[in-house]
Amino acid sequence: MSELLIDVRGLRHTYMPGTPFASIALDGVDFRLESGETVGVVGSTGAGKSTLLQHLNGLYRPQEGEVHVLGRDLRDPGQDLREVRRSVGLVFQRPEQQIFSQYVGDDVAYGPRLLGLAGEALRERVRWAMDLVGLGFLDYKDRLTWTLSGGEQRKAALAGVLALQPRVLILDEPTAGLDPQARLGLLDDLRRLRAEGLALVVASHNMEDIALLADRLYVLQGGRVALEGPARQVLSQGERLRALGLDAPPVVNLLQALRDLGVSVGGDSLTLDEAEEALAAWLDGRRSP
Amino acid sequence: MSEFDFLGQVTIGQYLPGDSPLHRMDPRAKLLMALAWIAAVVACRSLLGMALAALAVAAGLWVARIPARFALRSVWRALPFLALLAVLQVLVMPGNRTGAVLWQWWIVTVTTGGLLAGALLVARFVVLILAISLLSFTTGTNDLMHGLEHLLRPLQRLGLPAHELALTFDIALRSVPLLALEAERLAKAQASRGGEFGGAKGGAIRRVQQALPLLVPLFLGALQRAERLALAMEARGYVGGRGRTQWVALRMRSADYVALALVLGIAVAVVLV
């Protein structure tokens with residue numbers, strides 16, 4: 001049974017309205033997120049990804065259009081947004097800037113403490129969140145936050161959000177600037193969370209990450225949804241994506257190049273593993289005609 | 001407007017790129033004009049002079065093609081404080097008890113002289129805010145810094161570090177919007193994790209309570225940024241002002257002299273009428 005968690009209709013947003021600096025960031029966006037699914041939001045820089053994400057957990061209220069999150073209408077000025085912000089966790093574009101306490105343990109504990117947890121329950125919750133992202137509780141809780149490496153800071157920020165036990169996790173460019181090992185580690189974490197039933201929204205312009213994670217995709221361009229659909233279907237449209245300032249994942253382009261050379265490799269592979277299988281199948285087909 | 005939009009509330013020091021005659025003027029001339037203007041408006045004692053000053057500033061905004069609504073935003077924010085000051089002027093300043101007595105109760109005396117002083121005070125601040133905004137709207141911080149440095153240069157013989165002063169001023173001015181952005185980011189980070197921020201309710205005390213947790217991280221962040229900035233400048237060979245040449249050569253043109261003379265003339269008139 002899937003449940004509609006987030007429903008956005010005709011959302012518009014202008015920055016610094018009424019000044020000479022006014023700029024339209026969102027120009028009529030429709031967006032839906034159902035329970036258990038992972039939705040990717042892609043688009044070139046300035047397409048409106050971050051602005052859209054900040055509407056999904058109530059950091060911005062809709063200027064025009066509708067935003068419903070977990071059945072709450074965010075247009076209603078009396079709506080208590082704290083509940084929305086706790087159930088929809090947002091990991092910022094540069095999560096290391098999201099950390100504001102001196103010690104890692106304190107930073108992860110910030111959210112649960114405000115939820116009213118204390119003593120042993122608080123300790124357990126922090127331990128749980130830190131273990132989930134692979135930061136050992138005893139090793140890391142007393143470390144100074146600004147001495148962590150880039151990858152560790154991401155994990156700490158992710159733990160700080162997960163400690164709220166949100167129903168939806170939103171990530172803005174989660175892997176930007178990480179080294180390959182840290183990136184794969186983080187993607188593993190996210191896939192594990194998805195398997196545990198958390199609904200994810202991932203904004204990125206790294207098409208490989210999107211190919212590895214997303215079930216469904218929204219492609220933003222100039223504040224509008226230019227393309228949407230199942231990830232496989234959207235990511236196979238290389239031409240269209242390039243016209244929107246993006247590209248298909250390298251694997252898709254590679255297989256297309258092979259096809260152009262007359263290699264009749266089939267399928268709609270998005271990842272290296274899938275491509276390997278497809279190529280193996282093609283080789284088998286050639287050996288035994 | 002969003003409850004996190006700190007930047008939108010900062011109009012001081014904001015530059016509106018444009019190509020008006022005022023934008024193209026030499027920054028030194030503009031700084032001197034602003035200085036003369038401030039002196040004149042502060043020294044002005046008559047409503048007529050103040051009206052003249054207001055008219056001249058309005059003309060300046062028009063020449064610079066600054067939308068009136070945008071210019072008035074900063075005035076609008078200061079208005080509550082101005083109103084309070086004006087009321088104090090009218091009601092309790094004994095120095096203003098001149099002219100006919102209109103109303104008297106206990107220690108409170110309203111006189112025509114007091115009303116005049118109150119009106120002048122409000123007008124003075126409005127004109128001052130608009131004049132300073134006009135300078136910052138039409139002059140980028142780079143130009144402003146070069147102009148300031150040139151104007152201070154004669155004082156170098158007296159041991160005044162002109163370049164360093166101008167640089168400090170420039171960095172301070174640039175940091176204001178950065179601090180606003182940083183505060184916005186911190187507020188969002190805390191709100192995203194269940195911190196109390198914004199929301200429907202909130203009186204003045206509540207707002208201060210909400211702002212307090214931002215202060216320490218904001219301060220630390222500013223220190224870290226200062227360190228990075230110093231490092232970046234040194235990495236690019238910065239060793240202070242001595243022997244430094246200018247990229248932008250400032251040249252006063254005849255139009256600059258004419259405008260300066262015009263403003264000085266009006267300034268004298270504002271003080272004398």
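How many residues of domain 1 of chain A are in contact with how many residues of domain 2 of chain A? Keep that in mind while we look at how chain A is laid out. This is a predicted model, by the way. Chain A is divided into domain 1, covering residues 4-248, and domain 2, covering 249-289. Taken over C-alpha atoms, the centres of these two domains of chain A are separated by 33 Å.

Now for the count: nine residues of domain 1 of chain A touch eight residues of domain 2 of chain A. On the domain 1 side, the elements giving two or more residues are α8 (207-213) and α9 (231-235) of chain A. Of what that side has, α8(A) gives the most, with four residues. Sort the domain 1 side by class and you get five nonpolar, two polar and two charged residues.

Let's hop over to chain B, where a pair of helices is worth a look. Helix α3 (residues 47-63) of chain B packs against helix α9 (residues 254-272) of chain B at an angle of about 155°, and their axes are 7 Å apart. Angles over 145 degrees count as roughly antiparallel, so that is how α3(B) and α9(B) run relative to each other. The crossing in which α3(B) passes α9(B) is left-handed.

Which residues make this contact? From α3(B) come B:G49, B:L52, B:A53 and B:A56, while α9(B) brings B:I266, B:A269, B:V270 and B:V271. By class, the contact of α3(B) with α9(B) has seven nonpolar residues, one polar residue and no charged ones.

Technical notes. Residues are numbered from 1 along each chain as its sequence is written. Chains are lettered from A and ligands numbered from 1 in the order in which they are written. This is a predicted model: local features need pLDDT of at least 70, side-chain atom pairs count only at pLDDT 80 or more; totals for chains, interfaces and linings use all residues. Axes are lines fitted to C-alpha atoms, for helices over the stretch in contact, and angles run from 0 to 180 degrees between N-to-C directions. Angles under 35 degrees count as roughly parallel, over 145 as roughly antiparallel, 65 to 115 as roughly perpendicular and the rest as oblique. A crossing is left-handed if the near helix is turned anticlockwise from the far one by less than a right angle, and right-handed if clockwise. Two residues are in contact if their C-beta atoms, placed from the backbone, lie within 7 Å. Ala, Val, Leu, Ile, Met, Phe, Trp, Tyr, Cys and Pro count as nonpolar, Asp, Glu, Lys and Arg as charged, and the others, Gly among them, as polar. Domain bounds come from an automatic or database domain assignment.
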